[in-house]
Amino acid sequence: MQDSLSLDLPDPSGGAGAAGAHPATPPAPGLGAPLAERLRPRTIDEVVGQDHLLGPGQPVRVAFESGQPHSMILWGPPGVGKTTLARLMAYAFDAQFLAISAVLGGVKDIREAVEKAQVARRAGRRTIVFVDEVHRFNKAQQDAFLPHVESGLFTFIGATTENPSFEVNAALLSRATVHVLRGMDEAAMQTLLARGQAELQGPSLTPEARARLIAYADGDARRVLNTYETLAGMLKGRDSIDEVTLEKSLGEQLRRYDKGGDQFYDTISALHKSVRGSDPDAALYWFVRMVDGGVDPRYIVRRLIRMASEDIGLADPRALRMALDAGETYERLGSPEGELTLAQCVIYLAVAPKSNAAYTAYKAVRAWVKQDTTRPVPMHLRNAPTKLMKTLGHGEGYRYAHDEPGGVAAGERYFPDGMTPQAFYQPVPRGLEIKIGERVRQLRVALGDGRAGESISDDDAAA
């Protein structure tokens, strides 16, 4: 197994441990290297994309130009240049570059990096410690960096595809600036393909094939270049590649979709908010994006059930039954047939009238109970299954609502003694809740406890 700690102290002779001056740019890789490696930028001006970080006056560009490196977390999807930027910084700052793989490494590798950094500092040289997939290090491993980052022994650069807010310790996060790298846009991908074609002297792509390949790469520079290199090798002798040939060569298109990370949660959030916002077209789009990305449809079912309860509620009680039925149908049919039923449910939930009145009432009561005292159940509402309990007054004075006019015991109290009756539930004027609201107002008038016409305050609802 390759050592997880790689020491890169480049110098003109290529010796790994040599000190002193070295070229201002990394050495060019050999011709046998993959195309993506051969085209890896050797100066900051060759970097494609990330203008929000590398453009004039932008933070990473300023760090390069000032000669003052700072510890940072580079957060972004695969193939957007995180490792490239870290290596370019080492050259720009004439620094020793130590790379640690969080997948293979551990505290031992961190200790070795510290020792090498101490040697370099005695020689008057800076050190950059680069940790790839830093989110895979546990808390103890991440904490091992802290004293050395604080003392300035080395500049720490971590790369991650996961949200550092959740995956990187707060202490380390507070000592590093988070820079968000974006997936390559179409213009950047066009530039990369042009460079790749020139490097390989390979076949051109028709506009349709080029657009298809860029969509296939899905913002990943490494993927678009390596895929083009594979195509050029498979289709030697061709002057150009059309879309049909590209489809046959690529097979089924696979999109990047992290089923456990931020992209997963961002997409389900977009689906939920599109349903809540009553946009069936957008909701259907995000639903298909999730299915296309390989998300378990059963998870989507659970979220649809929640939407039916949280965002539609009693404005259309059929929505909950629709979501439950869609889940049961999917279990019978499986994929892909059952997905149509889920799509139908998504559309129904999106166009249904919306009400979060039940959800708001539930949260308001939870907040009330949490801050209130434990109030005893009034005697007339208590259960009285035994003679002793009846003797003690349990259930005494209780009025059976079915025996009362209209089925309502006018003037009866159902809240605890000493507690002012609260109007927690406030139906919205949409869907079935229009009629439910009328009925609620009638009941509150009949009960005569002062709640008629009342509404819970926004502060209580937000609680």
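Guide: A crossing is left-handed if the near helix is turned anticlockwise from the far one by less than a right angle, and right-handed if clockwise. By that rule, H15 passes H18 in a right-handed crossing. This is a predicted model, in which local features need pLDDT of at least 70 and side-chain atom pairs count only at pLDDT 80 or more, while totals for chains, interfaces and linings use all residues. Residues are numbered from 1 along each chain as its sequence is written, and side-chain values use heavy atoms, with hydrogens and water left out.

H15 covers residues 280–292 and H18 residues 337–351; the angle between them is about 150 degrees and their axes are 9 Å apart (axes are lines fitted to C-alpha atoms over the stretch in contact, and angles run from 0 to 180 degrees between N-to-C directions). H15 is therefore roughly antiparallel to H18, a term for angles over 145 degrees, just as under 35 is roughly parallel, 65 to 115 roughly perpendicular and the rest oblique. On the H15 side, Pro280, Ala283, Leu284, Phe287 and Val291 make the contact (heavy atoms within 4.5 Å). H18 contributes Glu339, Leu342, Ala343, Val346, Ile347, Ala350 and Val351. By class, eleven of these residues are nonpolar, none is polar and one is charged.

A second pair packs at another angle: H11 (residues 207–217) and H13 (residues 243–250) meet at about 30 degrees, with axes 8 Å apart. H11 is therefore roughly parallel to H13. Glu208, Ala209, Arg212, Leu213 and Tyr216 of H11 touch Glu243, Leu246, Glu247 and Leu250 of H13. That contact has five nonpolar, no polar and four charged residues.

H16, residues 297–312, has 16 residues, and at 1.5 Å a residue it should span 22 Å; its end C-alpha atoms lie 21 Å apart, which agrees. The buried residues of H16 include Tyr299, Ile300, Val301, Arg303, Leu304, Glu310 and Asp311 (buried means under 20% relative accessible area with a 1.4 Å probe). After H16 comes Gly313, with a positive phi near 55 degrees.

Elsewhere, His179 sits in strand E6, residues 177–180, and counts as buried because its relative accessibility is 5%. Beyond neighbours within four places in sequence, His179 contacts Leu53, Pro59, Val60, His70, Met72, Ile73, Leu74 and Trp75.

For the protein chain as a whole, the secondary structure comes to 22 helices and eight strands, and 43% of the 463 residues are buried.

Note on methods:
Helix = DSSP H or I, 4+ residues; strand = E, 2+ residues; numbered from the N terminus. Expected span 1.5 Å × (residues − 1). Buried < 20%, exposed > 50% of the residue type's maximum accessible area, 1.4 Å probe, protein only. Nonpolar A, V, L, I, M, F, W, Y, C, P; charged D, E, K, R; others polar.
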